[in-house]
Amino acid sequence: MHDPGVINELRNHLAWRRRLGLNLVAGDRQDLARLLQALGGPADDIPRDLESIALHMGQCTRCSLSAERRNIVFGQGPATARLMIIGEGPGQQEDRRGLPFVGPAGKLLERMLAAVGLKRGEVYITNIVKCRPPGNRDPRPEEVDACRPFLEAQVKAIAPAVILTLGRPAAQALLDTKAPISALRGRWQEFLGRPLLPTFHPAYLLRSPAKKREAYADLKEMVRRLEE
């Protein structure tokens, strides 16, 4: 007799896999055991491919953000992307849908990419934290630290030619600095051996449209590096 609780848990997990764009494949008993173990597994010994990283993260409860989230927002995009975009954290719509940058800021990001000849589907997009901070506040250091092993694993798995960070919290977290975004944007840095370029967050640009010109200059510089 099948346990309804287990069936419901697997159904929810498969829906989560679809949102992440992961393949849905039939497996044997070992695959099922691995899947169930991954629902709450530890953060050490993280695998090296995106699907396995997501499974290893499971239904994460490693920080307090898990208490109020609706969905983990792991990331979205091809594993072979040459450009990886990293923001600060999911917002309300991202939390609802389980996908990054699907609200107004995401729409602006898509237009920004299109302005320099890129499509969203070519890019891998994620955040420094995978759960929504309450009230869209900045992620706290302990929350960033809890997600950092998974973010680093994502960077290593994708091995992008360029990383673009969006906004102050993402740039400061990855570069271990307290410098303001005005001092960081447009200046090449490095993260895990990959060139990293900070720029303004699209949500900030919606509030401060006069800064779009500077952001556009950053994206053109990013494309120049991608084409080298």
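Predicted model: local features only at pLDDT ≥ 70, side-chain atom pairs only at ≥ 80, totals over all residues.
Me: Is Gly-167 buried or exposed?
Reply: The cut-off to keep in mind is that buried means under 20% relative accessible area. Gly-167 counts as buried because its relative accessible area is 5%.

Me: Which residues does Gly-167 touch, not counting residues up to four places away in sequence?
Reply: Start with a pair of C-alpha atoms: those of Gly-167 and Gly-87 are separated by 6.7 Å, and these two glycines are 80 residues apart along the chain. As for touching, we skip residues up to four places away in sequence. That leaves Ile-181, Thr-199, Phe-200 and His-201.

Me: Which residues is Arg-185 in contact with, leaving aside its neighbours within four places in sequence?
Reply: Arg-185 lies in the loop between α8 and β4 (189–191). With a relative accessible area of 18%, Arg-185 is buried, since the cut-off is under 20%. Its C-alpha atom and that of Thr-165 are separated by 9.0 Å. Leaving aside neighbours within four places in sequence, the contacts of Arg-185 are Pro-198, Thr-199, Phe-200, Glu-214 and Asp-218.

Me: How many residues of helix α3 are buried?
Reply: Helix α3 runs over residues 50–57. Its buried residues are Leu-50, Ser-52, Ile-53, Ala-54, Leu-55, His-56 and Met-57. So α3 is largely enclosed by the rest of the structure, and the count is 7 of the 8 residues.

Me: What phi does Gly-58 take?
Reply: Find the end of α3 and step just past it to reach Gly-58. The phi of Gly-58 is positive there, at about 55°.

Me: Are α3 and α6 roughly parallel or roughly antiparallel to each other?
Reply: Two packed helices are described by the angle between their axes and the distance between the axes. For α3 and α6 the axes are 10 Å apart and the angle is about 170°. Angles over 145 degrees count as roughly antiparallel. Therefore α3 and α6 are roughly antiparallel.

Me: How many nonpolar, polar and charged residues does the contact of α3 with α6 have?
Reply: From α3, the contact is made by Leu-50, Ile-53, His-56 and Met-57. From α6, it is made by Cys-147, Phe-150, Ala-153, Gln-154, Ala-157 and Ile-158. Sorted by class, this contact has 8 nonpolar, 2 polar and no charged residues.

Me: Are α5 and α10 roughly parallel or oblique to each other?
Reply: The axes of α5 and α10 (residues 212–226) come within 10 Å, and they cross at roughly 55°. An angle has to be under 35 degrees to count as roughly parallel. α5 and α10 are therefore oblique.

Me: Which residues is Met-222 in contact with, leaving aside its neighbours within four places in sequence?
Reply: Once neighbours within four places in sequence are set aside, Met-222 is in contact with Leu-83, Leu-118, Val-162, Leu-164, Trp-188 and Leu-197.

Me: Is Phe-101 buried or exposed?
Reply: Most residues other than glycine have a negative phi. Phe-101 has a positive phi, near 55°, and sits in the loop between α4 (92–97) and α5 (104–115). Because its relative accessible area is 5%, Phe-101 is buried.

Me: Is Asp-176 buried or exposed?
Reply: Asp-176 also has a positive phi, near 50°. Its place is in the loop between α7 (168–175) and α8 (181–184). The relative accessible area of Asp-176 is 72%, so Asp-176 is exposed.

Terms used: Residues numbered from 1 in each chain as written. Heavy atoms only, no water. Helix = DSSP H or I, 4+ residues; strand = E, 2+ residues; numbered from the N terminus. Buried < 20%, exposed > 50% of the residue type's maximum accessible area, 1.4 Å probe, protein only. Axes fitted to C-alpha atoms, helices over the stretch in contact; angles between N-to-C directions. Parallel < 35°, antiparallel > 145°, perpendicular 65-115°, else oblique. Contact = heavy atoms within 4.5 Å. Nonpolar A, V, L, I, M, F, W, Y, C, P; charged D, E, K, R; others polar.
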